[in-house]
Amino acid sequence: MTWQVAFVTGAASGIGRATARLLAVEGAAVAAVDRDEAGVSGLVVELAELGVPCRALAADLADIGALPDLVGVALGAFGRIDILVNAAGVTGDGTGCSTWARATGSSSTE
Ligand SMILES: NC(=O)c1ccc[n+]([C@@H]2O[C@H](COP(=O)([O-])OP(=O)(O)OC[C@H]3O[C@@H](n4cnc5c(N)ncnc54)[C@H](O)[C@@H]3O)[C@@H](O)[C@H]2O)c1
(Lines give C-alpha, C1' and ligand atoms only; values in the text may rest on other atoms or scores of the structure.)
Protein backbone atom coordinates (compact mmCIF):
# COMPACT_ATOMS: atom_id res chain seq x y z
CA MET A 1 0.00 0.00 0.00
CA THR A 2 1.22 3.51 -0.82
CA TRP A 3 0.63 5.85 2.08
CA GLN A 4 -0.05 9.54 1.81
CA VAL A 5 1.82 11.23 4.65
CA ALA A 6 0.05 13.71 6.92
CA PHE A 7 1.90 16.10 9.23
CA VAL A 8 -0.69 17.00 11.89
CA THR A 9 -0.13 19.58 14.61
CA GLY A 10 -2.34 19.66 17.70
CA ALA A 11 -2.71 15.90 17.24
CA ALA A 12 -3.10 15.08 20.93
CA SER A 13 -6.69 16.27 21.20
CA GLY A 14 -9.70 17.93 19.63
CA ILE A 15 -9.67 18.83 15.93
CA GLY A 16 -6.10 17.67 15.33
CA ARG A 17 -6.64 14.27 16.92
CA ALA A 18 -9.93 13.67 15.12
CA THR A 19 -8.39 14.74 11.79
CA ALA A 20 -5.34 12.52 12.31
CA ARG A 21 -7.62 9.54 13.03
CA LEU A 22 -9.76 10.25 9.96
CA LEU A 23 -6.75 10.62 7.67
CA ALA A 24 -5.27 7.40 9.06
CA VAL A 25 -8.48 5.49 8.42
CA GLU A 26 -8.48 6.92 4.88
CA GLY A 27 -4.95 5.64 4.26
CA ALA A 28 -2.49 8.25 5.50
CA ALA A 29 0.61 7.70 7.56
CA VAL A 30 0.70 10.28 10.33
CA ALA A 31 3.44 12.43 11.84
CA ALA A 32 1.59 13.56 14.99
CA VAL A 33 2.91 16.75 16.59
CA ASP A 34 1.85 18.18 19.95
CA ARG A 35 3.36 19.59 23.13
CA ASP A 36 1.20 17.10 25.05
CA GLU A 37 3.63 14.19 24.86
CA ALA A 38 1.37 11.67 26.62
CA GLY A 39 -1.59 12.61 24.42
CA VAL A 40 0.28 12.35 21.15
CA SER A 41 1.93 9.09 22.21
CA GLY A 42 -1.51 7.69 23.02
CA LEU A 43 -2.72 8.58 19.54
CA VAL A 44 0.25 6.85 17.97
CA VAL A 45 -0.42 3.67 19.96
CA GLU A 46 -4.05 3.80 18.83
CA LEU A 47 -3.12 4.27 15.15
CA ALA A 48 -0.41 1.59 15.29
CA GLU A 49 -3.05 -0.87 16.48
CA LEU A 50 -4.91 -0.10 13.22
CA GLY A 51 -1.74 -0.90 11.26
CA VAL A 52 -1.12 2.73 10.34
CA PRO A 53 2.50 3.94 10.18
CA CYS A 54 2.74 6.84 12.60
CA ARG A 55 5.24 8.82 14.62
CA ALA A 56 4.79 10.95 17.73
CA LEU A 57 6.69 14.24 17.69
CA ALA A 58 6.48 16.02 21.04
CA ALA A 59 7.30 19.72 20.74
CA ASP A 60 6.10 23.17 21.68
CA LEU A 61 5.33 24.95 18.40
CA ALA A 62 5.62 28.32 20.14
CA ASP A 63 9.33 27.63 19.56
CA ILE A 64 9.41 28.21 15.80
CA GLY A 65 13.04 27.06 15.75
CA ALA A 66 11.86 23.52 16.53
CA LEU A 67 9.93 23.24 13.27
CA PRO A 68 12.75 22.40 10.84
CA ASP A 69 13.84 19.52 13.07
CA LEU A 70 10.26 18.23 13.32
CA VAL A 71 9.86 18.31 9.55
CA GLY A 72 13.25 16.64 9.18
CA VAL A 73 12.25 13.80 11.52
CA ALA A 74 8.98 13.32 9.64
CA LEU A 75 10.77 13.27 6.28
CA GLY A 76 13.33 10.85 7.69
CA ALA A 77 10.58 8.53 8.92
CA PHE A 78 8.26 8.67 5.90
CA GLY A 79 10.24 10.13 2.99
CA ARG A 80 7.76 12.88 2.17
CA ILE A 81 4.89 15.02 3.47
CA ASP A 82 1.71 15.23 1.36
CA ILE A 83 -0.81 16.75 3.76
CA LEU A 84 -0.41 19.48 6.39
CA VAL A 85 -3.01 19.96 9.12
CA ASN A 86 -2.24 22.85 11.43
CA ALA A 87 -4.67 22.40 14.32
CA ALA A 88 -2.43 23.30 17.27
CA GLY A 89 -3.94 26.19 19.14
CA VAL A 90 -5.54 27.27 22.35
CA THR A 91 -9.16 28.02 23.05
CA GLY A 92 -9.54 31.21 25.01
CA ASP A 93 -12.46 32.25 27.15
CA GLY A 94 -11.87 35.94 26.61
CA THR A 95 -9.60 38.58 25.16
CA GLY A 96 -7.45 39.30 28.23
CA CYS A 97 -3.69 39.18 28.66
CA SER A 98 -3.68 35.64 30.05
CA THR A 99 -5.52 34.33 26.97
CA TRP A 100 -3.11 36.19 24.70
CA ALA A 101 -0.13 34.79 26.62
CA ARG A 102 -1.43 31.20 26.36
CA ALA A 103 -2.08 31.63 22.63
CA THR A 104 1.31 33.09 21.80
CA GLY A 105 3.53 31.50 24.43
CA SER A 106 4.56 34.98 25.57
CA SER A 107 4.60 36.29 29.12
CA SER A 108 2.31 39.08 30.17
CA THR A 109 1.17 41.05 33.19
CA GLU A 110 -2.43 41.98 33.80
N1 LIG B 1 -13.24 23.23 18.61
C2 LIG B 1 -13.87 24.18 17.94
O3 LIG B 1 -15.12 24.18 17.78
C4 LIG B 1 -13.08 25.31 17.31
C5 LIG B 1 -13.75 26.22 16.49
C6 LIG B 1 -13.01 27.26 15.88
C7 LIG B 1 -11.64 27.36 16.12
N8 LIG B 1 -11.04 26.45 16.94
C9 LIG B 1 -9.61 26.63 17.17
O10 LIG B 1 -8.93 25.48 16.64
C11 LIG B 1 -7.80 25.18 17.47
C12 LIG B 1 -7.90 23.75 17.99
O13 LIG B 1 -9.10 23.60 18.72
P14 LIG B 1 -9.42 22.26 19.50
O15 LIG B 1 -10.84 22.33 19.90
O16 LIG B 1 -8.95 21.09 18.70
O17 LIG B 1 -8.49 22.46 20.78
P18 LIG B 1 -7.81 21.37 21.75
O19 LIG B 1 -7.38 22.12 22.96
O20 LIG B 1 -8.68 20.17 21.93
O21 LIG B 1 -6.52 20.88 20.93
C22 LIG B 1 -5.47 21.74 20.65
C23 LIG B 1 -4.17 20.93 20.71
O24 LIG B 1 -3.12 21.82 20.32
C25 LIG B 1 -2.02 21.57 21.19
N26 LIG B 1 -1.20 22.77 21.27
C27 LIG B 1 -1.59 24.00 21.67
N28 LIG B 1 -0.56 24.85 21.63
C29 LIG B 1 0.52 24.13 21.19
C30 LIG B 1 1.88 24.46 20.97
N31 LIG B 1 2.35 25.69 21.19
N32 LIG B 1 2.71 23.49 20.52
C33 LIG B 1 2.24 22.23 20.30
N34 LIG B 1 0.96 21.86 20.52
C35 LIG B 1 0.11 22.80 20.96
C36 LIG B 1 -2.65 21.22 22.54
O37 LIG B 1 -1.73 20.50 23.37
C38 LIG B 1 -3.85 20.40 22.10
O39 LIG B 1 -3.54 19.01 22.03
C40 LIG B 1 -7.80 26.22 18.60
O41 LIG B 1 -6.93 27.29 18.23
C42 LIG B 1 -9.24 26.67 18.64
O43 LIG B 1 -9.35 27.99 19.16
C44 LIG B 1 -11.72 25.45 17.53
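**Reading a ligand site in a predicted model**

Me: Into which classes do the residues of the shell around the ligand divide?

Reply: In this predicted model, the shell around the ligand divides into 8 nonpolar, 5 polar and 3 charged residues. The shell holds 16 residues, and those that come nearest to the ligand are Ser13, Ile15, Asp34, Asp60 and Leu61.

Me: Which polar atoms of the protein lie by nitrogen or oxygen atoms of the ligand?

Reply: The side chain of aspartate 60 places a polar atom 2.8 Å from a nitrogen atom of the ligand. At arginine 35 the backbone is involved, with a polar atom 3.2 Å from a nitrogen atom of the ligand. Glycine 14 also takes part through a backbone N or O atom, which lies 3.5 Å from an oxygen atom of the ligand.

Me: How much of the ligand's accessible area does the protein cover?

Reply: On its own the ligand has 820 Å² of accessible area, and the protein covers 61% of it.

Me: How should I read a pocket, and where does the ligand sit?

Reply: The general idea is that rolling a probe the size of a water molecule over the atoms shows where empty space is left. In this structure the ligand sits in the largest pocket, whose volume is about 530 Å³. The lining of that pocket is made up of 26 residues, of which Thr9, Leu61, Ala87, Ala88 and Gly89 are the closest to its centre. Two or more lining residues are given by each of the elements β1 (4-9), α1 (14-25), β4 (83-86) and α4 (97-104). By class, the lining of the largest pocket divides into 12 nonpolar, 9 polar and 5 charged residues.

Me: What pattern does the protein chain follow along the sequence?

Reply: A pattern of this kind is read by following the helices and strands in sequence order, and here the protein chain runs β-α-β-α-β-α-β-α, with 4 helices and 4 strands. As for its extent, the C-alpha atoms of the protein chain fill a box of roughly 55 × 25 × 20 Å along the principal axes.

Key:
Residues are numbered from 1 along each chain as its sequence is written. This is a predicted model: local features need pLDDT of at least 70, side-chain atom pairs count only at pLDDT 80 or more; totals for chains, interfaces and linings use all residues. Side-chain values use heavy atoms; hydrogens and water are left out. A residue is near a molecule or strand if one of its heavy atoms lies within 4 Å of it. A polar contact is a pair of N or O atoms within 3.5 Å; within protein, one must be able to donate a hydrogen and the other to accept it, and residues adjacent in sequence count only if both atoms are side-chain atoms. Accessible areas come from the Shrake-Rupley method with a 1.4 Å probe; for residues, only the protein chains shown count as cover. On a 1 Å grid over the protein atoms alone, a cavity is a set of points where a 1.4 Å probe fits but cannot get out, and a pocket is an open set with protein on both sides within 12 Å along at least five of seven lines; lining residues have an atom within 4 Å of a point. A molecule sits in a cavity or pocket if more than half of its atoms lie within 2 Å of its grid points. Ala, Val, Leu, Ile, Met, Phe, Trp, Tyr, Cys and Pro count as nonpolar, Asp, Glu, Lys and Arg as charged, and the others, Gly among them, as polar. Grid points are joined across faces, edges and corners, and a volume is the space filled by probe spheres set on the points.
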